[in-house]
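Thank you all for coming. I would like to walk you through one model this morning, so please have the sequence and the structure open while I talk.

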Amino acid sequence: ELASDNKASISEQDAAPFALRIGDIVFARSGATVGKTYVYSPQDGRCSHAGYLIRFHPDSSRMLVSFLGQVTHSERYLRWVQESQRAQAQPNINATEYSSLLLPVPSLAEQEHIVGALAKVDERRKAESLVLIELAKLKAALTSALLTGDLRVTPDEHPA
């Protein structure tokens with residue numbers, strides 16, 4: 001058990017250079033999560049990056065961070081990650097290798113349209129996921145009721 005009275009922390013001043021800010025995206029550079037990304041959102045609270053992450057802040061006059069976040073979920077990006085990672089004890093892609101990644105840079109207006117369209121797909125997928133969870137719960141309850149005899153099913157009087 002950890003002693004709750006013996007906590008250690010870093011000072012706000014020492015942590016400041018590592019704090020994420022709006023417009024930041026971090027890339028995992030090593031381990032099982034190599035290539036994964038996270039776009040910082042203030043609603044996630046105060047966050048910072050560590051040595052196994054690479055923080056990037058795209059030039060907002062050329063690229064939306066939300067667009068870059070979507071690019072990092074594309075098949076093209078995931079294929080690049082597979083081809084670029086160095087196999088060691090831990091898979092790794094360093095900052096120099098990430099800097100060689102060629103990115104599509106459509107106009108900001110087109111980026112906004114792309115992000116909007118993909119956000120709608122994500123919302124739909126999330127809603128459908130919730131429906132599937134509820135259906136699974138319903139099936140479990142129905143299965144239990146049928147198997148315990150709490151609910152009976154009568155054969156259809158009109159077979160097909």
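Predicted model: local features only at pLDDT ≥ 70, side-chain atom pairs only at ≥ 80, totals over all residues.

Let me begin with Asp24, which is buried, with a relative accessible area of 0%. Because Arg55 sits in strand E3 while Asp24 belongs to the loop between helix H1 (12–15) and E1, the pair ties together parts that are 31 residues apart in sequence. Arg55, for its part, counts as partly exposed, at 27% relative accessibility.

From that loop we move into the strands. In strand E1, residues 25–28, the side chains of Ile25 and Phe27 point one way and those of Val26 and Ala28 the other way, and all of them are buried. E1 pairs with E3 in the antiparallel sense over 4 bridges, and within that pairing Phe27 has Ile54 as its bridge partner. E1 also pairs with E2, again in the antiparallel sense, over 3 bridges, with Tyr38 of E2 as the bridge partner of Val26.

The largest pocket holds about 320 Å³ of space. Of the 15 residues that line the largest pocket, the closest to its centre are Phe56, Pro58, Met63, Leu68 and Leu103. Strand E3 (53–56) and helix H4 (95–99) are the elements that give two or more residues to this lining, which divides into 11 nonpolar, 1 polar and 3 charged residues.

Finally, let me return to the salt bridges, of which the structure holds 5. In one of them the side chains of Glu128 and Arg124 meet at 2.9 Å, N to O; these residues are 4 apart in helix H5, so about one helical turn separates them. Glu128 is partly exposed, with a relative accessible area of 39%, whereas Arg124 counts as exposed at 57%. Another joins Glu134 to Lys137, with the closest N and O atoms 3.4 Å apart, and here the two residues are 3 apart in helix H5, which again means about one helical turn.

Definitions and conventions:
Residues numbered from 1 in each chain as written. Heavy atoms only, no water. 1 Å grid on protein atoms, 1.4 Å probe; cavity = no way out; pocket = protein on both sides within 12 Å on 5 of 7 lines; lining within 4 Å. Points joined across faces, edges and corners; volume = space filled by probe spheres on them. Nonpolar A, V, L, I, M, F, W, Y, C, P; charged D, E, K, R; others polar. Buried < 20%, exposed > 50% of the residue type's maximum accessible area, 1.4 Å probe, protein only. Pairing = 2+ DSSP bridges. Salt bridge = Lys/Arg side-chain N within 4 Å of Asp/Glu carboxyl O.
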